[in-house]
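Please go through the model below in questions and answers.

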Amino acid sequence: MHSNRHLFASGTALVLVLVSAAAHAQTDNGVHSPARVNDLAGADQGSASDEIVVTGTSIRGLVKPVGAATVAVDREEVKATGVTSTVDLLANIPQIRNFGGSPAGQASATQSFAIPALRNLPNTQPGDGTLFLYNGNRMVGGGFSTRPDPAAIPTSAIDRVEVVLGGGSAIYGSDAVAGTINFVIRKTLNGAEVRGTYGFADGYSQFNVSGAWGKVWDTGNILIAADFSGHSNILGSDRSYVSNDLRSRGGNDFRSNSCPQPNVTTGGVTYGYPSWSTSPNLCDINEMQDIYPHERRWSVLGSFNQKITDNLEFSVDAFLSRRTDQFFFQQTALTGTITNANPYFIAPPAQSGATSETLRFNLASVFGPVVSDQDFTTWQIMPSLKWTIGGGWRAVGTFNFGFGDGVVHQGDIDVRAGSSLAQALAGTTT
């Protein structure tokens, strides 16, 4: 039994002083974009082609910047899609990988959740191209991965999703080279709402229950949102189109010769046990492997905004998410040599005088598929203070701290020298 644990924490604290100027490079909602500014004061007026190109800035302004377009999905669209997670919501945006498909994690602790990516650029390691923001702040990594898990944000808390399709590396770094995805939290909910969905297919089911409560007053608001969702797994054997034998479609046969029924090689010939045919036993490893894993998720989010004075505003955003996954995948392929000193040695009838043979097999018939149980907890808190000084100046102080914890338990066969398996193959007694 293998057990791994990973802790990941990150935090930032900064104070920015911003001023409106001739170089406008940020929209009112706080999403940065490239901007091009011509004929600035002090520029050479003698040449019509002179220009200053601003590739990244935090200067606020009221003029919409020139640059990459922003795709926005508002609250009404979120409700209309009927999605059960933020990742499924993003799958409805054409520029994001998995558009129109069903995003799923992989059987790996470092990418057990679906990670959307702009323009299908790989997005499994830091700096791969798509940056996720939460109210304009970076999100903490999910479990074993330094990439965030977007599904940690309940859909009931989202006011809109803003996708900047141009690179933002000049402002945020190399992990925004393909663009940014910003989740903007609701501020106008006054009351409560609850929504539930249930879906099923052949050998599969999924559910989602989400709710939100909010209160709005003259100088601020508060929001609390929660989400509970999950789905069952789908094995390869549950779907006929999942097969490694492609001969019926004009392809090749990619089935494995490491099967619960072993293949025995001796004298340069391979036999399939127990028929001892010279055609080896073949099996489809996808039959015992998940193509979609089992999952349960709980998420809670809170947001508070309050104007202290006319020019001083305090806000805090926080979320807590826990996710449990279970993956089934094929047993490890095993190869070993057994001699006639072992009382369980059986020679092929065609080579009854053989004194040793090599076996290739797996122990799926004994232990079933390999099971990987994964448990991830992520939380993040982001207080901020905004002070409008006057004369176009504003000071912003923010603190962003997040924490991720991942634990994985996985059973597998020990194939090292001296292991129980090696001792059994080399054994001379029962």
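**Aromatic pairs, disulfide, sheet and spaces**

Q: How many aromatic pairs does the count come to?
A: The model is predicted, and side-chain atom pairs count only at pLDDT 80 or more. Rings pair if their centres lie within 6.5 Å. By this rule the count of aromatic pairs is ten.

Q: Is the pair of Tyr198 and Phe200 stacked, edge-to-face or tilted?
A: The ring centres of Tyr198 and Phe200 are 6.2 Å apart, and the planes meet at 35°. Planes under 30 degrees apart count as stacked and those over 60 as edge-to-face, with the rest as tilted. The angle of 35° therefore makes the pair of Tyr198 and Phe200 tilted.

Q: Are Tyr198 and Phe200 buried or exposed?
A: A residue counts as exposed when its relative accessible area is over 50%. Of Tyr198 and Phe200, both are exposed.

Q: What kind of pair do the rings of Tyr271 and Trp276 form?
A: The centres of the Tyr271 and Trp276 rings lie 6.5 Å apart. Both residues, Tyr271 and Trp276, are buried. Their planes stand at 70°, so the pair is edge-to-face.

Q: Which residues form one aromatic cluster with Phe207?
A: The cluster holds Phe and Trp residues. Together with Phe207, its members are Phe228 and Trp298.

Q: Which cysteine does the disulfide join to Cys259?
A: The structure holds one disulfide. Its sulfur atoms are 2.3 Å apart, and a disulfide is a pair of cysteine sulfur atoms within 2.5 Å. The partner of Cys259 is Cys283.

Q: How many residues apart in sequence are the parts that the pair of Cys259 and Cys283 ties together?
A: The link is left-handed, with -100° about the S-S bond. Cys259 lies in the loop between strand S12 (234–235) and strand S13 (263–266), and Cys283 in the loop between strand S14 (269–272) and strand S15 (290–292). The pair therefore ties together parts whose separation in sequence is 24 residues.

Q: Do Cys259 and Cys283 count as buried or exposed?
A: Buried means under 20% relative accessible area. Cys259 has 2% relative accessibility, and Cys283 has 17%. Because both values are under 20%, Cys259 and Cys283 count as buried.

Q: Which strands stand at the edges of the open sheet of five strands?
A: The strand order is S4-S7-S8-S5-S6, with mixed pairing.

Q: Which residue of S7 does Val73 stand opposite?
A: S4 and strand S7 (residues 158–164) run antiparallel and are joined by five bridges. In S7, the residue opposite Val73 is Val161.

Q: Which element gives the most to the lining of the second largest pocket?
A: This pocket holds about 540 Å³ of space. Of its 26 lining residues, the closest to the centre are Pro262, Ile338, Leu359, Phe361 and Leu425. Strand S19 (356–361), helix H4 (364–367) and helix H5 (420–425) each give two or more residues to the lining. With four residues, the element that gives the most is H5.

Q: Is Leu425 buried or exposed?
A: The place of Leu425 is in helix H5. Leu425 touches residues including Thr337, Ile338 and Asn342, and its C-alpha atom is 7.5 Å from that of Asn342, 83 residues apart along the chain. With a relative accessible area of 15%, Leu425 is buried.

Q: Which residues does Gly336 touch, not counting residues up to four places away in sequence?
A: Gly336 is found in strand S18 (residues 334–339) and is buried, with a relative accessible area of 10%. Its C-alpha atom is separated by 8.9 Å from that of Phe361, 25 residues apart along the chain. The residues touched by Gly336 are Glu357, Thr358, Leu359 and Leu425.

Definitions and conventions:
Residues are numbered from 1 along each chain as its sequence is written. Side-chain values use heavy atoms; hydrogens and water are left out. Rings of Phe, Tyr and Trp (its six-membered ring) pair if their centres lie within 6.5 Å; planes under 30 degrees apart count as stacked, over 60 as edge-to-face and the rest as tilted. Buried means under 20% relative accessible area, exposed over 50%, partly exposed in between (1.4 Å probe, protein chains only). Contact means heavy atoms within 4.5 Å. Two strands pair if DSSP finds at least two bridges between them. On a 1 Å grid over the protein atoms alone, a cavity is a set of points where a 1.4 Å probe fits but cannot get out, and a pocket is an open set with protein on both sides within 12 Å along at least five of seven lines; lining residues have an atom within 4 Å of a point. Grid points are joined across faces, edges and corners, and a volume is the space filled by probe spheres set on the points.
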